[in-house]
Amino acid sequence: MKTTITSLLALVFLTKGLLAQPKKQGFLYQDAGKPIEERISDLLGRMTLEEKVMQLNQYTLGRNDNANNMADPVNDIPAEIGSLIYFSSNPDLRNRVQHKAMEKSRLGIPILFGYDVIHGFRTIYPISLAQACSWNPELVRQATAVAAQESRMSGVDWTFSPMIDVARDGRWGRVAEGYGEDPYTNAVFAVASVKGYQGDNLASPTNVAACLKHYVGYGASEGGRDYVYTEISNQTLWDTYMLPYEEGVKAGAATLMSSFNDISGTPSSANEYLLRDILKKRWQHDGFVVSDWGAIVQLTAQGVAKDRKEATLKSFNAGVEMDMMNQCYDRHLADLVKEGKVKADLLDDAVKRVLRVKFRLGLFERPFTPVSTEKERFLLPKSLKIATRLAEESIVLLKNERKTLPLSAALKKIAVIGPMSNSKWNLLGSWRAQGNADDATTVYEGLKRELEGKTQVVQAPGCDFDGNDQSGFAEAVNMAAGADAIVVCLGEKSQWSGENASRSTIALPQLQEELLFALKKTGKPLILVLSSGRPLELNRLEPLCDAIVTMWQPGTPGGSPIAAVISGKVNPSGKLAMTFPYATGQIPIYYNHRQSARPHQGKYQDIQAKPLYDFGYGLSYTTFEYGDLKASARKVKSDGTLTLEVAVKNTGDADGLETVHWYLSDPVSSISRPLKALKYFQKQLVKKGETRIFSFQVNVKKDFGFVDGKGEKFIEAGDYEVMVKDKKIKIEVTP
Ligand code: GLC
């Protein structure tokens with residue numbers, strides 16, 4: 001039924017287009033020498049109501065690779081369609097459809113092609129949660145620039161990325177896609193990603209438009225269940241969820257995506273306060289908002305619209321410019337304008353925003369993607385180098401008793417055991433775009449290559465990722481018993497995290513734990529290597545392991561980075577961007593919480609109160625000694641600045657990258673504030689024996705200030721504390 005209507009619609013446009021084909025030359029909007037705003041106005045003035053509406057719709061082209069999004073594809077794409085989600089790794093199909101738009105439509109408006117390029121297009125780099133653990137935004141900028149280059153050369157002009165949803169519940173599968181539990185961290189990586197994707201010029205043939213998503217508060221999904229209600233007070237909205245979007249908009253993000261979630265009764269995709277009052281008016285965003293797939297029609301499921309037409313009315317008037325596969329705007333928007341329920345100037349503003357992004361991308365001048373070979377587009381040596389470095393710097397060493405790691409060269413044989421030991425597919429993680437598992441190296445292959453000629457490497461799966469088949473245990477245990485050390489590789493399948501991948505527990509399946517228990521009985525040194533899209537519950541495994549290291553989901557580099565770390569070629573420098581709870585029952589648990597009324601009471605009766613590993617935690621093969629914190633003044637005016645410094649000495653016997661996290665605490669304020677909040681971080685190489693100064697140039701109002709429930713920033717006079725690790729100094733702020 002729905003396909004028939006859409007095909008009829010397409011037929012109408014096609015017929016009108018064919019019959020009324022004016023000369024397409026000489027219009028002002030086609031003159032690249034004219035200012036974009038003049039070109040937009042000229043083009044808008046020539047468009048019919050139907051043509052305007054079609055610019056605000058997005059269908060799909062190619063085989064939809066996101067099984068979570070069910071909807072009949074539109075088979076006969078109208079030449080006037082505004083945008084298409086493009087599911088292909090080469091530009092041929094895209095160019096064919098673009099020719100239809102340029103030559104068969106009345107005005108020749110190019111189609112905008114979008115796609116989910118979340119952590120790489122074909123060169124897949126680590127999942128975003130892992131990237132955050134690298135604390136290297138410059139490297140993330142480089143990686144996203146690679147993704148942009150591969151995407152644009154493959155026919156994608158626009159990525160639905162970065163995902164910057166602050167998330168504190170590891171049961172929610174989408175923690176894999178964002179930058180962890182901290183607002184400032186998500187903001188820094190939002191900016192780095194936007195700069196990487198968009199570069200200095202959107203019209204460059206290797207840049208793409210970015211899309212901040214999912215605006216906003218999606219990470220607060222109750223119980224970690226996807227798509228559900230989110231209870232978010234205005235104060236929490238502003239002090240936890242909005243900063244990454246504000247900074248991403250300031251960085252020039254071309255678009256945003258409105259989220260699925262219902263925010264305390266008003267779903268994001270019908271939330272005028274967020275979409276118009278804040279995004280368009282206060283933040284002056286001049287690009288556009290696309291709905292998430294179906295987020296408009298889902299307003300009927302959420303009970304705020306009785307049918308598609310009312311959903312259309314609510315979303316559009318709230319400020320969602322483009323309809324992603326809802327089949328709402330294409331059916332009802334024109335009627336709502338004719339009925340006066342949608343104002344014509346609001347429609348024009350929406351179309352202007354879409355056209356603005358298209359003009360800035362240079363699509364009117366270069367609507368077609370140049371032909372190139374896969375060799376010219378994908379897996380370039382410099383691209384793989386960036387992905388590998390990012391994977392290396394994302395690895396977090398969680399435990400290393402008696403310097404078990406790096407592996408001693410004296411070891412004659414190691415056994416690499418576990419469901420993750422020789423897996424490729426699962427190393428790419430969720431949202432792998434056009435990533436190809438065959439491009440990846442397994443942990444076993446990586447270690448064999450790294451230890452060639454030094455240590456023999458043998459491998460056995462031991463068991464599958466889940467189930468109860470222990471028939472492989474015996475082979476694995478015997479193999480391990482004959483080795484000098486065991487590298488046990490456990491973790492998650494890539495589809496256990498990402499969208500629609502909520503899990504009731506963040507523990508590994510019991511079968512995997514039982515494999516480790518069985519291996520422990522050999523008495524050999526046990527190194528646990530983890531691969532997952534979320535923090536894991538490790539309290540039963542931690543005591544049995546001599547070393548524990550997480551490689552998250554590293555992407556195309558696969559097992560090579562972890563092999564380099566285990567062998568000692570690379571000194572791990574990653575630090576957690578999301579707390580590892582001691583047990584699932586502690587969730588939500590995160591570092592920047594507010595103080596309890598009775599800090600000494602109210603703990604669980606059955607487990608420890610502290611998480612297993614804290615936000616910011618990560619070991620190195622070397623050791624660092626922190627000097628005392630130094631401040632350029634201990635008293636500063638609220639509109640003043642301050643320089644904070646700490647000397648960090650490498651007291652170990654290996655060079656190491658170290659990240660210093662600067663936290664702020666405001667013990668007494670007019671509203672309660674988090675016990676501590678990350679305000680700045682800096683990563684530097686500190687060679688063995690060397691001392692480096694890490695400094696933080698403080699803008700008191702910005703960095704010590706706070707935001708209220710209206711999003712207004714304020715700073716109050718009083719005593720503040722600056723903290724680095726276990727060191728702190730008091731700073732008095734005066735009016
Ligand atoms: C999905 C996701 C969103 C993605 C979109 C297009 O449902 O929520 O992140 O960009 O649909 O695939």
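**A loop, a lysine, a ligand and a sheet**

Tutor: Happy to! Gly 523 sits in the loop that links helix H19 (510-520) to S15; helices (H or I, at least four residues) and strands (E, at least two) are DSSP runs, numbered from the N terminus. This is a predicted model, where local features need pLDDT of at least 70, side-chain atom pairs count only at pLDDT 80 or more, and totals for chains, interfaces and linings use all residues. Residues are numbered from 1 along each chain as its sequence is written, and side-chain values use heavy atoms, leaving out hydrogens and water.

Student: Is Gly 523 buried or exposed?

Tutor: Gly 523 counts as exposed because its relative accessibility is 62%. The cut-offs are under 20% relative accessible area for buried, over 50% for exposed and partly exposed in between (1.4 Å probe, protein chains only).

Student: And how far apart are the C-alpha atoms of Gly 523 and Ala 481?

Tutor: They are separated by 8.0 Å, though the two residues are 42 apart along the chain.

Student: Switching to Lys 280: where is it?

Tutor: Lys 280 belongs to helix H10 (residues 272-282). Lys 280 is buried, as its relative accessible area is 8%.

Student: Which side chain makes a polar contact with Lys 280?

Tutor: The side chain of Glu 321 does, at 3.0 Å. A polar contact is a pair of N or O atoms within 3.5 Å; within protein, one must be able to donate a hydrogen and the other to accept it, and residues adjacent in sequence count only if both atoms are side-chain atoms.

Student: On to the ligand. Which residues come nearest?

Tutor: Of the 14 residues around the ligand, those are Asp 116, Arg 174, Lys 213, His 214 and Asp 292; a residue counts if one of its heavy atoms lies within 4 Å. A polar side-chain atom of Lys 213 is 2.8 Å from a ligand oxygen, and for Asp 292 the distance to a ligand oxygen is 2.6 Å.

Student: Nice. What is the strand order in the open sheet of 6 strands?

Tutor: The order is S11-S16-S15-S14-S12-S13, with mixed pairing; two strands pair if DSSP finds at least two bridges between them. Strand S11 (396-400) and strand S13 (456-460) are the edges, each pairing on one side only.

Student: How many bridges join S15 to S16?

Tutor: There are 4, between strand S15 (residues 526-531) and strand S16 (residues 547-550), which run parallel. Val 529 stands opposite Val 549 in S16.
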